[in-house]
Amino acid sequence: MTVGVVMLVHTAFDRAEQVARHWAAAGCPVVIHVDKAVKTDRYDRFVQTLSDLETVLFSKRHRCEWGTWGLVAASQDASELMLTRFAEVRHVYLASGSCLPLRPVEELIDYLADRPRTDFIESATTADVPWTVGGLDEERFTLHFPFSWRRNRYLFDAFVELQRRVGYRRSLPNGIVPHMGSQWWCLTRQTLSAILQDPERRKYDAYFRRVWIPDESYFQSLARLYSTNIESRSLTLSKFDFQGKPHIFYDDHLQLLRRSDCFVARKIWPHAGRLYDAFLTDPNRATSRQEPNPGKIDRIFAKAVERRTRGRSGLYMQSRYPNIGWENGVTAGKYSVFQGFSELFEDFETWLARATGAQVHGHLFAKRRAEFAGGQTVVNGALSDNAGLRDNNSKAFLTNLLWNTRGERQCFQLGPQDNIDILWGLSRDPNAQISVISGAWAVPLFKSNANFADIRAKAAALQKIESGMLDTLRSPDVKARIRIWSMAEFIEAPMEPLQVIIDEIGQKGLRRLAEAPRLEPLAGFGQFLQNLKNQGMHPYLMGDFPVDIVARNPDAPRRKPYLIKK
């Protein structure tokens, strides 16, 4: 008694020949089905290459398109030929031309000999199947599918929708319970012959002919009627990604495949010569008596799926577009955004870089150019300071900057005079620490000595923009760490908020600041604000400034900032 192998082949005929000879050399009869879509001359050459092997036969050809009945018909005819011509076959193993035996065939024969009445076929009801992709579970058994999903997708979808609207449902023959599972099974002669010789087979075939993807349900359902002992698992290692597409194994998967202890694996890349040499021609291959356990490598595949679907923090991938929110972290690391600080303090960027050791930029989103630290025009990752390139995709500009400078804290300025399209994304980024001194944009206007009518118009425009920015930062769905002070309350006691900011950046460890950066001279600033009021413009974002205020008061009571937690 032995094991017979049915191979479904449609491409890579040189590899299929190599595997067929390997099965035959171990005493396993092989019946090969070649897709009818393969040209006749190519089929004839393939048959000729294996004509020297008496235990290799070819079955009637069918057109085997994914998701259609042809795959079941091919398996049926090849299995019937196997059972008719090879009486010594006890189990029939269904494989594809891209399958590769991972362990000596003798081990598989012995393994099945110890289990003479066991059928190995993945078979679960639709309610218990977690891997279906495409939204059709139970419906694949209750609707008609006369159109090809691949060639006539529009007609396929339209006909499904029509059946749903009219409430059409097919009845199952003889009360059969639909089951689903992997296409690749290993059935006993008794079970397989019972399926193929059933008096009701014509009725079953007619029903499953209009089921979607019948190769994953025909044998899986009918085996439940006849088998005396089913192990609902496949002896073939086959892995699928989150889209339902099979993983392809390459040369660098050699150790992974060995670790699985499985008898057969699919899908093997036809050019993976190292795999074929290792598993088919290595005479010193160590034997293994371990139970096949694909679960041993499931953790690695789970990591691969997570990497593909979620990726690394701050690194965007084509496979996740256009799904918003699929990013595994919006940016690659924590960073700090300052609004109003460079306007209120003299040489603030230099002071902050010295106090924290961070990379401190100017206004990264200034209208004219990106003000990189040290006046650079190009930084890590060949990011240019060109405003047009930056604004073409400001989100990508920032994420690239943070990705290319991983491990180094980035700080930059942002204000109402800048391109603020990036602000919404900043406020939703948990990595962002945003500190705002509202109304500080008025200090450069105060120092400008420009025509007062122009100053008034500019102040009104900037205040309107900053008011909208504050509304964005105060929205309930923000995820960034946000602190907001009015200019008046900040300059009353600047040391405490500056210390909190420095501690959060944490580049040089926690330490008390010896001194704050130097404030811009503000003598006459209160009168400047009063003049704006007198001209009909109400500057309310600065807080309550007395007309005679000139500088900060170190002994004034300290107010707590407006704080939005993550």
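User: What relative accessibility does phenylalanine 147 have, and what does it count as?
Analyst: This is a predicted model, where local features need pLDDT of at least 70, side-chain atom pairs count only at pLDDT 80 or more, and totals for chains, interfaces and linings use all residues. Buried means under 20% relative accessible area, exposed means over 50%, and partly exposed lies in between (1.4 Å probe, protein chains only). Phenylalanine 147 is at 31%, so the class is partly exposed.

User: Where in the chain does phenylalanine 147 lie?
Analyst: Residues are numbered from 1 along each chain as its sequence is written, and side-chain values use heavy atoms, leaving out hydrogens and water. Helices (H or I, at least four residues) and strands (E, at least two) are DSSP runs, numbered from the N terminus. Phenylalanine 147 sits in the loop between helix H5 (139-142) and helix H6 (153-166).

User: Which residues form a nonpolar surface patch with Phe147?
Analyst: Patch members have over 30% relative accessible area and no salt bridge; like charges are joined within 9 Å, nonpolar side chains (Val, Leu, Ile, Met, Phe, Trp, Tyr) within 5 Å. Areas come from the Shrake-Rupley method with a 1.4 Å probe, and for residues only the protein chains shown count as cover. The patch with Phe147 has about 340 Å² of accessible area together, and its other members are Tyr154 and Leu155.

User: What is the distance between the end C-alpha atoms of H6?
Analyst: The expected span of a helix is 1.5 Å times one less than its number of residues. H6 has 14 residues and should therefore span 20 Å. The model agrees, with its end C-alpha atoms apart by 20 Å.

User: Within what arc do the buried residues of H6 fall?
Analyst: Phe156, Val160 and Gln163 are the buried residues of H6. Seen down the helix axis, they line one face, because their directions fall within an arc of 65 degrees. That arc is taken from the directions from the helix axis to the C-beta atoms. The value is 65 degrees.

User: Which exposed residues does H6 carry on the face turned away from its buried side?
Analyst: The buried side holds Phe156, Val160 and Gln163. The face turned away from it carries Tyr154, Arg165 and Val166.

User: Which residue takes a positive phi just after H6?
Analyst: Most residues other than glycine have a negative phi. Here the phi is about 75 degrees, and the residue is glycine 167.

User: Which residues have a positive phi although they are not glycine?
Analyst: One lies in the loop between strand E1 (2-9) and helix H1 (13-25), namely alanine 12; its phi is about 50 degrees. Another lies in the loop between strand E15 (378-379) and strand E16 (383-384), and at 63% relative accessibility it counts as exposed. Its phi is about 60 degrees, and it is alanine 382. The residues are alanine 12 and alanine 382.

User: Which residues does a cis peptide bond join?
Analyst: Most peptide bonds are trans. Lysine 267 lies in the loop between strand E12 (264-265) and helix H11 (273-281). The cis bond has an omega of about 5 degrees and joins arginine 266 and lysine 267.

User: How many residues apart in sequence are the parts tied by arginine 151 and glutamate 65?
Analyst: A salt bridge is a side-chain nitrogen of Lys or Arg within 4 Å of a carboxyl oxygen of Asp or Glu. The side chains of arginine 151 and glutamate 65 meet in one at 2.9 Å, N to O. Arginine 151 lies in the loop between H5 and H6, glutamate 65 in the loop between strand E3 (56-58) and helix H3 (70-85), so the tied parts are apart by 86 residues.

User: How many residues apart in sequence are the parts tied by glutamate 346 and arginine 518?
Analyst: The closest N and O atoms of this salt bridge are 3.7 Å apart. Glutamate 346 lies in the loop between helix H13 (341-344) and helix H14 (348-356), arginine 518 in the loop between helix H21 (495-505) and helix H22 (525-534), so the separation is 172 residues.

User: How many salt bridges does the count come to?
Analyst: Glu139, Glu161, Arg164 and Arg165 are linked in a network of them. Lysine 203 and glutamate 200 form one at 3.2 Å between the closest N and O atoms. The count comes to 20.
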